[in-house]
Amino acid sequence: MIFPNSVARAVLAAAAGFLCGSHTLAGPSVATSWSSTGLTQQECVQRAERVLRDAEMAQDFEVVGQSVFGGTGGYTLLVRCITEKELVYFAVGGPSHDQAQRYLTTMSGKF
Amino acid sequence: MIGSVRARCFTLLSAIAAALAWALAAPPSHADGALAVGNCGAFGYSLNYDNESTARRRALRECSRHKGRNCNVVTTFDGICMAFAVDNSGRCGAWGWATRPTRAEAEDVAVKECQEAGGESCRVQAQACEAPRTPAMTTNWITTELGPKECLERAEAVLKSAGLTEKLEVSGDSVWGEHGNYTAQVRCIAGKGVVMFLVVGPKLEEAQIHLQAASGNF
């Protein structure tokens, strides 16, 4: 079986399902979403790192296994690449629900 | 019989998958500040230190450096604002301090504290805010063959059993729960055969305990 190249897979992924969820509780406000991806694990992690770096959303960030974490102004941002399931998971946690949602939209939109 | 074996295999595989799935986490950013006050409203403070003991030592040193006698640390603070007010009427003694989420609140309360201590002309002498602390975040995922409805039901059950029962709520493909300052999500991505677990809160160790309690019982 021949797999499409990574670019084609990424395009297919972008066209695939993209669902968001968010929540505001007494704990930190959290917003999450996920999207399909055809990227390899390495490509996915590199893209996640670039998204956080280029968007200047994270003053500091760290790659830990499948995940790229960023932190800025009281918010923690996460991109987790689960490419074996063709899945990318995004999460933002912090004090304001609206700001968390904005970070999430920017982060996932640029991915 | 076949169904029973298959069910047991599935349970075993799920357990293995749960054990093998990587639970990854980001520690919160952490900074501490301290305020030390001596006789007659002499004071010193510190900001953005890596740990509380260093912040305390620096505040005491600053207080002594400003000719403070009998300096003591009156408060430490982390990710919030501090204000210190003293009585400018010339008398030695009245002062007040406060830590609050905003600078304005801290200043207001510090002035009130000073007035309640007998100050007649209390003014803010120092205020400082630490950058808000980024929360710790930890995630995990497992594979599942459950359908969306069954997955959500189980998600709700594991959050309950993990004690994440405050404001338990099903929303879309997710179940949210809370325990104190910790927010948890179990998200059923049934189309991918994946269940995502997420816990966010002030301390990584506690977040991981909540995460393990939820994902380990799924």
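**Packing in chain B**

Author: Leaving aside neighbours within four places in sequence, B:Val195 is in contact with B:Trp141, B:Ile142, B:Thr144, B:Cys151, B:Val186, B:Cys188 and B:Phe218. These contacts belong to a predicted model. B:Val195 is also one of the three residues, with A:Leu77 and B:Ala214, that touch the most other members of the largest nonpolar core, a set of 59 residues. Strand S12 of chain B, residues 194-201, supplies the largest share of this core, namely seven residues. Apart from this core there is a second, separate one of 27 residues, and B:Phe43, B:Tyr49, B:Cys81 and B:Cys122 are among them.

B:Glu156 has 18 C-beta neighbours inside 10 Å, so it counts as partly exposed; the cut-off for a buried residue is 20 or more. Not counting residues up to four places away in sequence, B:Glu156 touches B:Leu168, B:Val170 and B:Val175. Between the C-alpha atoms of B:Glu156 and B:Trp176 the separation is 8.1 Å, and the two residues are 20 apart along the chain.

Next comes a sheet. In chain B, three strands form an open sheet in the order S3-S2-S4, with antiparallel pairing. Strand S3 (43-49) and strand S4 (72-77) of chain B each have a single partner strand and stand at the edges, so one side of each is left without a neighbour in the sheet. On average, neighbouring strands of this sheet are turned by 15 degrees against each other, direction ignored. Strand S2 of chain B, residues 32-37, is joined to S3(B) by five bridges, and the two run antiparallel. B:Val37 stands opposite B:Phe43 in S3(B). Helix H2 of chain B, residues 52-65, packs on the sheet and touches S2, S3 and S4 of chain B. The direction of helix H2 makes about 150 degrees with that of S3(B).

The confidence values complete the picture. Chain B has an average pLDDT of 85, and 85% of the residues score at least 70. Residues 1-22 of chain B have a pLDDT below 50, and this stretch has 13 contacts in the model beyond near neighbours in sequence. For the model, the scores are ipTM 0.79 and pTM 0.65.

Key. Residues are numbered from 1 along each chain as its sequence is written. Chains are lettered from A and ligands numbered from 1 in the order in which they are written. This is a predicted model: local features need pLDDT of at least 70, side-chain atom pairs count only at pLDDT 80 or more; totals for chains, interfaces and linings use all residues. A nonpolar core is a set of buried Ala, Val, Leu, Ile, Met, Phe, Trp, Tyr and Cys residues joined through C-beta atoms within 7 Å. A residue is buried if 20 or more other C-beta atoms lie within 10 Å of its own, exposed if 12 or fewer, and partly exposed in between; C-beta atoms are placed from the backbone. Helices (H or I, at least four residues) and strands (E, at least two) are DSSP runs, numbered from the N terminus. Two residues are in contact if their C-beta atoms, placed from the backbone, lie within 7 Å. Two strands pair if DSSP finds at least two bridges between them. Axes are lines fitted to C-alpha atoms, for helices over the stretch in contact, and angles run from 0 to 180 degrees between N-to-C directions. pLDDT is the predictor's confidence in each residue, from 0 to 100.
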